[in-house]
Amino acid sequence: MKRRPNLTIRFVAGTALFSVVLTCAAADGEQLLASRCAGCHNLTGPAPATLQALWDRKGPDLFYAGNKYKALWMQQWLQKPTRIRPAGMFYAAHIKPGPKSDEIDDATLDKHPALSPEDAKAVTAVLMQRKSGSDFVTAGAYTPGTISSSTGEMMFDKFRGCLACHEIEPGFGGLSGPEVYTAGARLQEDYLISYLRNPQAWDPKTFMPNKHLSDTDLQKLVHYLRLLSEESER
Amino acid sequence: MSAYRFPGAFVCGAALLWAMAVQAAEKPEDNYRTYCVQCHGLQGNGKGINVRDMSVQPRDHTDAEAMAARSDDDLFKVIKEGGVAINKSVLMPAWGDVLNDEEIRGLVAHLRKLCQCTYGSK
């Protein structure tokens with residue numbers, strides 16, 4: 001009987017301490033976002049409404065990061081960032097005429113800074129809370145399934161023409177859009193279904209066209225992106 | 001004072017609508033730079049950043065003979081509805097969800113500048 005008050009006090013104190021720790025972590029994350037991320041990323045929206053705003057965008061919009069990215073991938077990527085868009089956010093600002101075709105002008109591209117494990121965790125935690133665009137995402141829209149590599153590639157290339165702008169492995173595919181061989185690890189499946197159905201709903205001026213994919217094709221495409229990520233991780 | 005507020009509000013509203021209208025239609029060369037250059041190239045010669053692994057190469061917009069074989073209606077249709085709409089490659093996407101008809105007409109005029117040609121001129 002005597003222990004009950006003590007337990008209650010301990011529980012309340014523990015909960016308060018946990019809340020304080022959480023609050024501090026969140027505050028650190030927000031501070032990091034403001035000091036290290038806000039210069040290149042839009043954290044509050046809206047997406048660019050003019051071409052000039054699109055051209056000026058230095059990094060992906062993050063005001064819907066919690067609906068878009070997988071937390072585990074983000075936390076790892078922030079510690080060891082790699083280039084996802086071979087020609088930068090707006091490709092035309094980073095290319096030059098070459099002898100055979102336009103080429104990427106590497107001198108114009110900046111590297112993404114790497115964060116410490118602690119900072120990556122704190123930043124990921126606060127980014128996952130940014131969930132603009134939830135109206136566009138249907139939870140459970142993606143139904144896990146499989147597709148063969150050959151069928152997936154046939155669809156991605158010959159039938160839908162996605163390969164024109166996206167690399168499906170390092171050194172193979174188009175360069176103006178983000179590579180897709182890590183998309184399955186990087187992006188939430190329900191977001192992929194939503195974005196691929198209507199890219200302009202998320203980003204009105206994007207140079208990613210609406211391919212008017214059927215529901216079946218959307219599912220198959222996400223199966224394929226997941227397969228590509230599994231293959232690239234081997 | 002209230003008699004003066006209505007004209008003031010009207011002028012501001014009209015200015016806002018004008019600004020929105022101006023914002024709605026981008027310049028043809030800017031739309032070309034944003035949506036077309038990735039495949040058709042900085043110089044419009046069909047040598048864009050994406051051509052390396054494309055199974056069908058993009059149209060050279062400076063090729064007067066090839067471009068003169070396409071009517072303005074065909075060019076409008078292929079930009080708005082994609083290559084498949086005129087029995088051409090699926091690699092040419094439909095841009096009708098991004099560009100309005102006025103902007104697409106502007107792009108057709110821009111293509112005629114690049115090729116320095118008109119339909120049936122060569």
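Ala, Val, Leu, Ile, Met, Phe, Trp, Tyr, Cys and Pro count as nonpolar, Asp, Glu, Lys and Arg as charged, and the others, Gly among them, as polar. The structure is a predicted model, in which local features need pLDDT of at least 70 and side-chain atom pairs count only at pLDDT 80 or more, while totals for chains, interfaces and linings use all residues. Residues are numbered from 1 along each chain as its sequence is written, chains are lettered from A and ligands numbered from 1 in the order in which they are written, and side-chain values use heavy atoms, with hydrogens and water left out.

**Exercise 1. State the volume of the largest cavity and sort its lining by class.**

Step 1. On a 1 Å grid over the protein atoms alone, a cavity is a set of points where a 1.4 Å probe fits but cannot get out; lining residues have an atom within 4 Å of a point. Grid points are joined across faces, edges and corners, and a volume is the space filled by probe spheres set on the points.

Step 2. The count is one cavity of 30 Å³ or more. The volume of the largest cavity is about 40 Å³.

Step 3. Both chains contribute to the lining: A:Asp157, A:Leu163, A:Ala164 and A:Gly174, together with B:Asn50, B:Asp53, B:Met54, B:Ser55 and B:Leu91.

Step 4. Sorted by class, this lining has four nonpolar, three polar and two charged residues.

**Exercise 2. Describe the interface of chain B and chain A by contacts and buried area.**

Step 1. With contact taken as heavy atoms within 4.5 Å, 31 residues of chain B touch 42 residues of chain A.

Step 2. Buried area is the accessible area (1.4 Å probe) that two parts lose on being put together, summed over both. For these two chains the value is about 2800 Å², with 55% of it on carbon and sulfur atoms.

Step 3. Of the area that chain B buries against chain A, 23% comes from B:Arg33, B:Leu42 and B:Ile49, more than from any other three residues.

**Exercise 3. How many salt bridges are there between chain B and chain A?**

Step 1. A salt bridge is a side-chain nitrogen of Lys or Arg within 4 Å of a carboxyl oxygen of Asp or Glu.

Step 2. By that rule the count between the chains is two.

Step 3. A salt bridge joins the side chains of A:Glu167 and B:Arg52, at 3.3 Å from N to O.

Technical notes
On a 1 Å grid over the protein atoms alone, a cavity is a set of points where a 1.4 Å probe fits but cannot get out, and a pocket is an open set with protein on both sides within 12 Å along at least five of seven lines; lining residues have an atom within 4 Å of a point.
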